[in-house]
Amino acid sequence: MGLELNVININDVQFGELTEIKESALYINRSELRDLLLEDERLNKVEIEIAHPGESCRILQVADVVEPRAKIEGPCEDFPGAIGKIGRAGEGKTCVLRGTAVVLNDQSEAHDLSQAEDALGFIIDMSGPAADIHLYGKLHNIVVLPYPAEGVSRDGYRVAMKLASLKTAKYLALAGNELKPDDIEIYETPPLTEITKGMEDLPKVAYIFMVHCTSYPAIPGEPVLYGDNIRLFSPTIIHPNEIFDGAIVNPYDGIGTETYVIQNHPVIKELYRRHGKDLCFVGVILTVSRITEPERERSAMMAANMAKFVLGADGVILTKASSGAPDVDLAQTAQRCEDLGVKPVLIIFDRSNRGEVGEVFNLPGARAIVSTANQYETLHLPAVKRTIGKRVTLPSGRTCGGELDKVFRFIRGGLDQEGITNIASVRY
Amino acid sequence: MITKELERSGLPTAQISTMTPIALMVGANRVIPGAGILHPVGNADLDPSEEKRLRRVIVQRALEALKKGIQEQELFQRSA
Amino acid sequence: MSQGLRVVHYLNQFFGGIGGEEKADIAPQAVGGPVGPGRAITNALGARGNVEGTVICGDNYFADNEKEALDEVLSLVRACEPDILIAGPAFNAGRYGVACGQLCKAVNEKLGIPAVTAMYEENPGTDLYREDVFIVKTDESVKGMNDAISKMVNIGLRLATGEPIGRPADEGYFPRGIIRNEFRDRNAAERAVEMVLARIKGEPFEPELELPKFERVTPAILEKDLATATVALATDGGLVPKGNPDKMDSSRSTRFAVYSIKGLATLRPEEFEANHMGFDTDLVNQDPNRLVPLDVLRELEREGVIGKVHEKVYTTAGVATSLKNAEIIAQGIAEAMKAGGVDAVILTST
């Protein structure tokens with residue numbers, strides 16, 4: 001299966017009369033986009049704002065970040081199962097607007113903001129220390145602020161807002177479909193029956209991708225995998241291109257990941273980059289974390305079985321979704337792999353607080369760890385001139401645009417489950 | 001963790017937990033598998049009398065664990 | 001012209017050349033210049049400095065006289081006007097290691113002078129002082145003397161000039177519990193692929209995070225017959241009275257709560273709920289007995305299987321609770337339970 005990403009580099013975003021791209025600048029017909037999103041009756045208002053890198057601007061209550069992408073050619077519609085008809089992602093040509101992102105603002109009541117510590121939710125600063133730690137502060141961000149219509153349930157709104165961000169991503173990228181791309185990225189791997197041809201001596205590496213944590217309440221209609229909210233999910237083999245091309249949307253409760261990261265999955269990218277050179281990338285297994293011990297054990301065992309006996313992996317990289325209980329799923333899956341002789345390496349963010357080790361597992365097979373940032377390091381953020389999102393005053397009296405102390409965990413992108421950032425937690 | 005400190009102070013403590021690997025790893029001595037993260041001693045899929053019966057079985061297993069003079073950690077599994 | 005670093009060296013009675021165990025009671029004394037291993041320090045310093053004075057104290061004297069001994073040693077150190085104190089290496093000598101750690105910490109805090117010491121991992125001084133003081137890792141035996149000295153001097157020189165000290169693994173000291181997020185040259189995904197290839201090839205690799213070691217506790221014994229025992233219920237699932245009147249935290253708890261269940265045959269959803277950020281509390285809110293099995297325990301009490309259900313339930317929310325806080329919370333619960341005549345506990349955990 002071959003996927004060609006036609007990358008168009010965008011260096012500015014403005015509102016304009018037509019939605020189009022001229023000389024690397026994206027112009028957006030704001031009212032046309034707004035009308036499109038308001039077709040969903042669960043929303044009664046949509047605001048659209050633009051934030052530029054370097055601006056003194058803070059985006060509040062960020063629920064997800066999505067890279068604008070649209071299919072040029074291929075057997076599926078965009079985000080199949082979510083906003084498009086169900087069809088095969090990962091094949092054909094997809095247009096990518098690089099240098100921009102759709103940032104989804106969540107207008108839920110403060111106590112309904114998933115995983116938040118306060119009414120600010122997860123923030124993105126477009127300048128200052130918070131902008132340095134992750135890509136999102138460096139992109140031209142199109143912020144979508146959908147408002148729930150009267151009487152819409154909490155879950156109904158959560159789905160509607162998610163779909164609004166995906167529709168926006170598609171709508172914007174369609175502007176680039178006819179244009180000559182600045183870069184072309186090609187991702188192609190054949191099925192298992194052929195993949196090791198010529199690579200018999202290379203180490204075989206697979207990736208086990210935990211995409212969802214099922215400890216949270218199920219959100220009916222929430223799209224995660226091809227539009228399904230994958231609750232009672234057994235480990236499943238999927239082609240890596242499907243992940244790049246919209247088959248997976250980050251769950252609403254999924255901290256530490258955004259759809260943007262999944263579209264640009266760093267582990268898959270790196271495995272592709274080295275495929276055929278010093279390793280053979282034999283495949284990807286999707287899992288979810290489970291809530292009972294027998295289910296957890298079954299999932300760990302099956303994922304390890306697939307890695308060893310179906311994909312033939314010598315080594316496997318594992319990442320997780322959310323935190324706490326899923327760390328056990330992660331460690332158990334790694335241990336089962338180790339037991340079978342498939343060498344696991346885990347990517348996890350550092351949960352420790354003030355020197356005390358935060359992890360709750362210590363299994364011999366789960367010790368090869370690569371760390372991303374420590375979640376509790378505090379960044380002191382300066383006051384900003386502009387905020388986008390629900391303006392709130394915190395119980396401490398601090399305003400949302402004022403000076404703030406935020407730990408990495410509550411900065412969108414500060415928590416990194418898949419290893420896309422260069423930040424690591426280092427012990428001194 | 002709480003169970004260990006209670007034991008350390010001389011109170012035999014049975015921990016009913018669905019995260020049995022964590023409970024064992026962190027050092028709880030008497031670990032009884034619970035029925036699920038969302039309901040350690042329940043199961044919403046069962047009808048109420050069945051559910052109560054399940055709860056009773058788990059609690060009785062916890063009491064057996066408390067009575068037992070153990071030397072080291074033990075996982076008090078469901079019998080088949 | 002700079003005269004180089006003024007170093008004061010602290011030694012115990014043995015390394016100070018005074019004697020063995022029989023001399024462990026000697027009071028602190030100062031000598032000009034280096035003594036014993038201090039000569040190796042002077043050599044390692046070369047032109048960059050000198051051991052100006054050596055303070056020697058018996059291990060027992062230091063351990064038994066606590067504050068007085070420390071004060072005496074501090075005055076002797078101060079009198080030498082050092083730029084830096086080097087203590088030990090203490091290897092696996094416990095009293096010596098603790099003294100070195102304590103002295104270095106005091107020299108930092110009271111004299112404002114940097115200090116460095118060295119000892120073996122299992123020396124009790126290591127865990128006691130590693131967060132306060134730079135402690136170089138040594139072997140168990142004195143064979144590691146020169147290596148320890150060279151590392152102590154390396155670190156000491158930079159502490160004196162205020163230069164940053166590198167990572168524990170590179171410089172040879174015990175991690176001090178400081179965590180810093182830093183930019184690396186490659187992202188974690190790239191480093192993970194490197195690590196997996198190293199693992200496959202059987203090459204050495206260094207994990208980036210250390211996992212905790214958990215100690216074991218000797219199991220407690222139920223002293224009486226279960227049929228006469230008072231059993232208490234506890235949970236870390238965040239059980240609270242409906243409405244959470246005490247505003248218990250739903251994560252990162254620092255305390256526990258105690259609620260009366262006296263006379264209650266069951267936990268009713270009108271009266272109790274779960275306040276916990278780490279799981280979906282709906283099912284427990286529908287029937288709190290699913291978290292804390294009061295209904296069943298009351299039946300067993302009526303049937304005489306247990307003597308009594310303790311009239312209080314103890315609760316906290318076990319989400320992201322630090323291990324230290326968990327310990328403090330637990331000790332509080334244990335004391336309260338024992339004061340209340342509890343014999344055994346059932347704790348439910350999500």
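Analyst: Let's start in helix α9 (residues 294–302) of chain C, where R298(C) and E301(C) are about one helical turn from each other because they sit three residues apart. Helices here are DSSP runs of H or I with at least four residues, strands are E runs of at least two, and both are numbered from the N terminus. The two side chains meet in a salt bridge, 3.0 Å from N to O; the term means a side-chain nitrogen of Lys or Arg within 4 Å of a carboxyl oxygen of Asp or Glu. R298(C) counts as buried, at 10% relative accessibility. Buried stands for under 20% relative accessible area, exposed for over 50%, and partly exposed for what lies in between, with a 1.4 Å probe and protein chains only.

Before going on, a word on the ground rules. Residues are numbered from 1 along each chain as its sequence is written, while chains are lettered from A and ligands numbered from 1 in the order in which they are written. The model is predicted, so local features need pLDDT of at least 70 and side-chain atom pairs count only at pLDDT 80 or more, whereas totals for chains, interfaces and linings use all residues; side-chain values use heavy atoms, leaving out hydrogens and water.

Why might such pairs form at all? Side chains of opposite charge can pair when their charged atoms come close. Over all chains, the count comes to 62 salt bridges.

In chain A, E258(A) and R412(A) join their side chains in a salt bridge of 2.9 Å, N to O. E258(A) lies in the loop between α5 and α6, and R412(A) in the loop between β22 (404–407) and β23 (423–427), so the pair ties together parts of chain A that are 154 residues apart in sequence. Both partners are buried: E258(A) has a relative accessibility of 1%, and R412(A) has 6%.

T257(A) belongs to this picture too, in the loop between α5 (240–244) and α6 (259–263) of chain A. T257(A) is buried as well, with a relative accessible area of 5%. Leaving aside residues up to four places away in sequence, T257(A) touches N250(A), I262(A), R412(A), Q417(A) and E418(A), where contact means heavy atoms within 4.5 Å.

A300(A) is part of helix α8 of chain A and is buried, at 1% relative accessible area. With residues up to four places away in sequence again not counted, the contacts of A300(A) are Q332(A), T333(A) and R336(A).

Back in chain C, K105(C) forms a salt bridge with D132(C), their closest N and O atoms being 3.7 Å apart. The pair links distant parts of the chain, 27 residues apart: K105(C) is in helix α3 (residues 94–111), and D132(C) in the loop between α4 (124–129) and β6 (134–138). K105(C) counts as partly exposed at 26% relative accessibility, and D132(C) is partly exposed too, with a relative accessible area of 31%.

Finally, salt bridges can be followed from chain to chain here: E270(A), R273(A), R274(A), D278(A) and E194(C) are linked in a network of them.
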